[in-house]
Amino acid sequence: MDMDQEADALLARIRALRDELRAGRLSARQVEAYRDLGRQVDQITRQMDEAPDPEVAERLWIDGAQFIRTFLDENFEAPTVH
């Protein structure tokens with residue numbers, strides 16, 4: 001999966017969680033995890049913006065995307081298809 005596709009997939013998962021949050025379907029633990037994720041994403045974005053060159057920014061993005069995937073997997077059940 002290329003970076004754009006991966007970014008779109010992660011964004012779709014986060015937007016789905018936001019919808020769940022707004023609908024009141026997240027547990028208190030998940031609400032806190034969602035807030036923590038927002039803080040982490042902000043930090044990753046700042047670091048990428050401040051990177052000294054594009055290669056460093058890309059590495060930060062790769063590491064950040066892996067962190068986000070892992071965080072989502074650990075804190076939010078993946079939706080099932082019936």
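Let me start with one term: a residue is buried under 20% relative accessible area, exposed over 50%, and partly exposed in between. Keep that in mind for the whole talk. One caution as well: this is a predicted model.

Now phenylalanine 71. Here the value is 10%, so phenylalanine 71 counts as buried.

These two belong together. Both phenylalanine 67 and phenylalanine 71 sit in helix α3. They are four residues apart, about one turn of the helix. Their rings form an aromatic pair. How are such pairs described? In general, a pair of aromatic rings is described by the distance of the centres and the angle of the planes. For phenylalanine 67 and phenylalanine 71, the centres are 5.7 Å apart and the planes make 40 degrees. That makes the pair tilted.

Next, the core. How many residues does the largest nonpolar core have? It has 14. Leu17, Ile68, Leu72 and Phe76 have the most contacts inside it. Which helices supply this core with at least two residues each? They are α1, at 3–22, α2, at 28–49, and α3, at 54–75.

Look at isoleucine 68 in your viewer. Set aside its neighbours within four places in sequence. Isoleucine 68 is then in contact with Leu10, Ile14, Leu37, Val41 and Ile44.

Two of those names come back in the next part, on helix α2. The buried residues of α2 include Leu37 and Ile44. Gln30, Val31, Ala33 and Tyr34 are buried in α2 too. Where do they point? Seen down the axis of α2, the buried residues fall within an arc of 155 degrees, so they line one face of the helix. And what covers them? The cover includes α1 and α3.

A word on the dimensions of α2. This helix has 22 residues. From first C-alpha to last, α2 reaches 32 Å. That is close to the 32 Å expected at 1.5 Å a residue.

Now to the charges. Side chains of opposite charge can pair when their charged atoms come close. How many salt bridges does a search of the whole structure find? Six.

Example one: glutamate 20 with arginine 25. The closest N and O atoms are 2.9 Å apart. Are the partners buried or exposed? Glutamate 20 has 28% relative accessibility, so it counts as partly exposed. Arginine 25 has a relative accessible area of 54%, which means that arginine 25 is exposed.

Example two: arginine 59 with aspartate 63. The closest N and O atoms of this salt bridge are 2.7 Å apart. Both residues are in helix α3. Because they are four residues apart there, about one helical turn separates them. Arginine 59, at 45% relative accessibility, counts as partly exposed. Aspartate 63, at 41%, is partly exposed.

Example three belongs to a network. Salt bridges that share partners join Glu32, Asp36 and Arg39. Within it, the side chains of glutamate 32 and arginine 39 meet at 3.2 Å, N to O. Glutamate 32 is partly exposed, with a relative accessible area of 40%. Arginine 39 is partly exposed, with 45%.

That is the tour. Thank you.

Note on methods. Residues numbered from 1 in each chain as written. Predicted model: local features only at pLDDT ≥ 70, side-chain atom pairs only at ≥ 80, totals over all residues. Heavy atoms only, no water. Core = buried A, V, L, I, M, F, W, Y, C linked by side-chain atoms within 4.5 Å. Buried < 20%, exposed > 50% of the residue type's maximum accessible area, 1.4 Å probe, protein only. Contact = heavy atoms within 4.5 Å. Phe/Tyr/Trp six-rings, centres within 6.5 Å; stacked < 30°, edge-to-face > 60°. Expected span 1.5 Å × (residues − 1). Arc of directions from axis to C-beta. Salt bridge = Lys/Arg side-chain N within 4 Å of Asp/Glu carboxyl O.
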